[in-house]
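Keep the structure in view as you go.

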Amino acid sequence: MNSSRRRPVGYWAKRLDAAIDEAVDRALARLDADRRQWQILTSLLDGPADLLGVLSPFGGVRDALTVLSARGLVAEAGERVVLTAEGRRVQARWAEAVGEVRGVVGRGVSAEEYAATVGVLARMVHNLDLLTCGDVGPKSG
């Protein structure tokens, strides 16, 4: 039996998550950016946003906003933050780099396989969410 088949789904989910994080972080670092800065610029594509509310669970938002503002990529509009024209140009370049990583992740994986994998993982998360909130208990024999 292939050794990869003996590993549980949690092992592969953690390995994939760590590998994606590392690859995205490296790609953004080559562009003098980090993930939080990327998230902020991407969040602003559709217009001004309350980023502290949207991204606050992740931390580091205020520091990233300070850096982005100093670089002229964002501007404050009252309590909201807006993307500048330069910010849009830079975000497009960063999006290209992140897109390349996503392309590598999906290499050799058909659209159907990808969709099935995402669907299975989403169902597993949903199942565990139900267990966590007490709607479902372990089955007894």
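**A hairpin and some charged pairs**

Q: In the hairpin of strand 1 and strand 2, which residue takes a positive phi near 70°?

A: This is a predicted model, where local features need pLDDT of at least 70 and side-chain atom pairs pLDDT 80 or more, while totals for chains, interfaces and linings use all residues. Residues are numbered from 1 along each chain as its sequence is written, and side-chain values use heavy atoms, leaving out hydrogens and water. Strands (E, at least two residues) and helices (H or I, at least four) are DSSP runs, numbered from the N terminus. The hairpin has 2 residues between its strands, and the residue with the positive phi is Gly78.

Q: Which residue in strand 2 is the bridge partner of Glu76?

A: Two strands pair if DSSP finds at least two bridges between them. Strand 1 (residues 74-77) and strand 2 run antiparallel, joined by 4 bridges. Within strand 2, Glu76 has as its bridge partner Val81.

Q: How far apart are the closest N and O atoms of Glu22 and Arg26?

A: Side chains of opposite charge can pair when their charged atoms come close. A salt bridge is a side-chain nitrogen of Lys or Arg within 4 Å of a carboxyl oxygen of Asp or Glu. Glu22 and Arg26 are 4 residues apart in helix 2, which means about one helical turn separates them. In their salt bridge, the closest N and O atoms are apart by 2.8 Å.

Q: Which residue of helix 3 does Asp25 tie to helix 2?

A: Asp25 forms a salt bridge whose closest N and O atoms are 3.3 Å apart. Asp25 lies in helix 2, so the pair ties together parts 10 residues apart in sequence, and the partner in helix 3 is Arg35.
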